[in-house]
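This briefing goes through the packing, the aromatic contacts and a few individual residues of one protein model. Please read it next to the sequence and the coordinates.

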Amino acid sequence: MKRWTQRPEGSTWGDFGPDDELGRLNLLTEEKVLQAVREVRTGKVFCLSLPLDLPGGNVLNPRRHAPVLKPTFRDGAPYLNFAMSRLQPEAVDVLSDDQVTLSMQYSTQWDGLCHVGAQFDIQGDGQARRVYYNGYAAGVDVFGGDDADACCPPGGSYARRLSVSRYAEKGMQGRGVLVDLARAFGPGRTLVGHTQLQAAMREQKVVVEPGDMLVLRTGFAETLVEMNGQPDPHKLEQTGAVLDGADPALLGWITDSGLAAICADNYAVESYPARTSGPGHSILPLHHHCLFKLGVPLAELWYLKALADWLHAQGRNRFLLTAPPLRMPGAVGSPVTPIATV
């Protein structure tokens, strides 16, 4: 039986092949990489990641916790500042080796295409099934929780399909295009639909072409940095522009633009809770549209101030963006240290 016989209206399922796991990342072609490289004129490099121990605590998401860093152990002893003379009396070496436990989407991150799916009737038989982009299914292609399988250790999880590691294999390098929403609308909370986004793009002379990675600066991550690991949820709720995922015109533009990914410096990219309700609604309509229907990756909590200030001073908005996630097979999301080269 085919994995699906009907796809969501307006989706790209099957457009890049019946077993595609990359969605619109397929538009990151060799030519797009060359276009991006041609944006490099000075060799200047910007790190676009927060320190991975920010935001601090778990007020942004109670399920996600700050990383815990500790040594590995050798014969029960912490292997940090470890004098090898303990094992070989004449040796001069001192060795350190550590390990980390972290939530994959705690800080600067990519969402994999199996991060958000939907209940959808993929066979046209009236039965809604839990599926992800291109019809890959819970319990068949994505495992964990009540859908555990022999592929997973007890309590484990594993995405056989649509893992964020597919991005790493692709390379995640191309042309980034910055829209500075903080410069356009200020530091306060602004709901940005199609009209507002297009106005900002016209003002900043931004043009997005198929295969570009759209990068949105809102100022949210800058406020997080100022909070120094003690985030104030009430202040953050009033900070930064945020996309209105309930605006059909905005979603239509994302479809028509051909953009390959959306990267933002805020949490969730879109306004949450969204202005959606009624039967069959999504609480994360932009995630639904991008991850589930189009195969457009989303990235969150990037740090963009230094890059945005430099681009503004130079009258530019395009750059070479290199942002592979960890190549962790089976993972749903991943930390990332994006690099912009101008």
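The points below are grouped by topic, after a short note on the basis of the values.

The model is predicted, so local features need pLDDT of at least 70 and side-chain atom pairs count only at pLDDT 80 or more, while totals for chains, interfaces and linings use all residues. Residues are numbered from 1 along each chain as its sequence is written, and side-chain values use heavy atoms, with hydrogens and water left out.

**Nonpolar cores**

- The largest nonpolar core holds 73 residues, and Trp110, Ile254, Ile262 and Trp302 have the most contacts inside it. A nonpolar core is a set of buried Ala, Val, Leu, Ile, Met, Phe, Trp, Tyr and Cys residues joined through side-chain atoms within 4.5 Å. Buried means under 20% relative accessible area, exposed means over 50%, and partly exposed lies in between (1.4 Å probe, protein chains only).
- Helix H8 (residues 285–294) gives this core its largest share, 5 residues. Helices (H or I, at least four residues) and strands (E, at least two) are DSSP runs, numbered from the N terminus.
- Another core, of 7 residues, lies apart from it and includes Phe220, Ala221, Leu224 and Leu301.
- Leaving out residues up to four places away in sequence, Ile254 touches Arg24, Leu259, Ile262, Leu286, His289, Cys290 and Leu294. Contact means heavy atoms within 4.5 Å.

**Aromatic pairs and charges over rings**

- The whole structure contains 8 aromatic pairs. Rings of Phe, Tyr and Trp (its six-membered ring) pair if their centres lie within 6.5 Å; planes under 30 degrees apart count as stacked, over 60 as edge-to-face and the rest as tilted.
- Phe46 and Trp310 form a tilted pair, because their planes stand at 55°, with the ring centres 6.1 Å apart. Phe46 is in strand S1 and Trp310 in helix H9 (residues 305–314), so the pair links parts of the chain 264 residues apart. Phe46 and Trp310 are both buried.
- Trp110 and Trp302 pair edge-to-face, at 5.7 Å centre to centre and 85° between the planes. Trp110 belongs to strand S8 (residues 109–111) and Trp302 to the loop between strand S18 (298–300) and H9, so this pair ties together parts that are 192 residues apart in sequence. Trp110 and Trp302 are buried.
- One aromatic cluster is formed by Trp4, Trp13, Phe120 and Phe292.
- Lys2 lies over the face of Trp4, 5.9 Å from the ring centre, and the charged end of Arg3 sits over the ring of Tyr136, 4.0 Å from its centre. A charge sits over a ring if NZ of Lys or CZ of Arg is within 6 Å of the ring centre and within 35 degrees of the ring normal.

**Helix H9**

- The buried residues in H9 include Leu307, Ala308, Trp310 and Leu311. Seen down the helix axis, the buried residues of H9 fall within an arc of 165°, so they line one face of the helix. The arc is that of the directions from the helix axis to the C-beta atoms.
- Among the elements that cover these buried residues are S1, strand S13 (173–180), helix H3 (181–185), strand S15 (213–217), strand S19 (318–322) and strand S21 (339–341).

**Cysteines**

- The model has 0 disulfides, a disulfide being a pair of cysteine sulfur atoms within 2.5 Å.
- Cys114 is in no disulfide, and the nearest cysteine sulfur, that of Cys152, is 12 Å away. Cys114 counts as buried because its relative accessibility is 3%, and Cys152 counts as buried at 11%.

**Loop residues**

- Glu39 lies in the loop between helix H1 (30–37) and S1.
- Ala66 lies in the loop between strand S1 (45–47) and strand S2 (68–71).
- Thr218 is in the loop between S15 and helix H5 (220–227) and is buried, at 3% relative accessibility.
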